[in-house]
Amino acid sequence: MSLQEFIATPSFEEYRERFKDFFVLERTDGVIVARAHTLGGPVQLSVENHRALGQMLKVIGADPENEVLILTGTGDEFMMDSDPEGFALEDADMPYWAYEYAYKDGRINVSSLINDLEIPTIGIMNGSGFHSEIVLMCDITLCADDATLFDLHFDISSVPGDGIHSCFQELLGVKRAAYALLTGEAITAQRALEWGMVNEVLPREELLARARTIAAHIMSRPRITRRLTTQVVRRPWRKRITDDLDGGFGIQMFGHVAKQRSLHGRGHIADTVAYVRKGRKNNFD
C-alpha cells in the first residue's frame, strides 16, 4: 500500500451548498447543470459573482463524478444589469480592484472554462446579455430565439479586453469582431446562428431539455473518448487564450487605472444597454 493517500475532493453536496448564493447546481448521472443567478433572478454583475464563477469551474473540474457541464443563466435575461453595490471596491481602491478583482479573477474565469474542465461543456444563452463569452466559449452553445448578444465595454468607456475580445475575434473574425466591439452591435440570435457564434436557436423553454438531450448523446460514448475529444475540439480556444487573454486584460486594466474612473455603476450600465432592450442595433443610429 502507498505511504500516502489521495486527498479527497469536495463532495457535490458540499460545493452545491457553498455556491448556492451564486449558482443553482443539479447533477443527474454525471451531467451537472450550473444556473447562475442573483437572488433567484437574472445575474446582476458584481465582484463577488465575478470571482465565484472561476471558483466554481475549478471545483467542478476537480470532481471526477462530473462528466458533462451545462452552464446557463436564470430567467429571460442572461446578464443585463449590475449589482447596485457590486463595484463599491472599484470606487474605494481602483488599483487594488483592477488587479485583485478584475485582472486576476477575470483571467481565471476564462482560463478555467478552457483549461480546468476535462469534460464537455454546453452553454445556454438563456436571454440577452453581455459577457456572453462564458457560454459562447463552451464546446456547444444553445441560444434563446429572442436573445441579443452584444458587448457593452466600449460604450461604458472600457477597453473590451477581458476575454470578450478573444471570444468575438475567434468566432466572428477580425472585421466583424472589430465592428461588434467598437459599435456595441446588437446581434440577434438568428444572426449569431448564421455567423457561427451559437449552434442552435430554440424557444427559451426548450433550451435545457435540448441541452440534456445532447448531453445524453455525449454520455453514450466511453468516458475516455468523450474527455479526450473535448481536448481536441478545445485546442483552438486554448491557443487563442494563450495568445490574447493576458495582454488584452492588461490593456483594459491600464485604461481603468489611467482614467481613474469607476465604470461599472448600475446606472451607467443600465443607460448603456437600454438600446438593446428597445430593440435597436446600437446606441448611436
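Predicted model: local features only at pLDDT ≥ 70, side-chain atom pairs only at ≥ 80, totals over all residues.
**Stop 1: the largest cavity**

Start inside the protein. The structure holds two cavities of 30 Å³ or more, and the largest has a volume of about 300 Å³. To find the spot, select Leu45, Asn49, Leu53, Met79 and Ile134; of the 23 residues lining this cavity, these are the closest to its centre.

Now colour the elements around that spot. Which ones give two or more residues to the lining of the largest cavity? On the strand side, pick β3 (43–45), β4 (68–72) and β5 (77–82).

You'll get 13 nonpolar, eight polar and two charged residues for the largest cavity.

**Stop 2: the second largest cavity**

Select His50, Phe87, His131, Asp162 and His264, which are the closest to its centre out of 21 lining residues.

Keep α2 and α4 on screen and bring in α11 (235–259): each of these three helices supplies at least two residues of the second cavity's lining. Which element gives the largest share? That's α11, with four residues.

Colour by class again here. The lining of the second largest cavity has twelve nonpolar, eight polar and one charged residues.

**Stop 3: Leu39**

Most residues other than glycine have a negative phi. Leu39 isn't a glycine, yet its phi is positive, at about 55°. Zoom in on the loop between β2 (31–36) and β3 to find Leu39.

Is Leu39 buried or exposed? Its relative accessible area is 85%, so Leu39 counts as exposed, the cut-off for that being over 50%.

**Stop 4: Ser157**

For the last stop, select Ser157, in the loop between β9 (148–149) and α6 (164–172). Check its backbone angles: Ser157 is another residue other than glycine with a positive phi, near 70°.

What about its surface? Ser157 has a relative accessibility of 32%, so Ser157 counts as partly exposed. That label covers values between the 20% and 50% cut-offs.

To finish, show both residues together: Leu39 in the loop between β2 and β3, and Ser157 in the loop between β9 and α6.

Methods. Residues numbered from 1 in each chain as written. Heavy atoms only, no water. 1 Å grid on protein atoms, 1.4 Å probe; cavity = no way out; pocket = protein on both sides within 12 Å on 5 of 7 lines; lining within 4 Å. Points joined across faces, edges and corners; volume = space filled by probe spheres on them. Nonpolar A, V, L, I, M, F, W, Y, C, P; charged D, E, K, R; others polar. Buried < 20%, exposed > 50% of the residue type's maximum accessible area, 1.4 Å probe, protein only.
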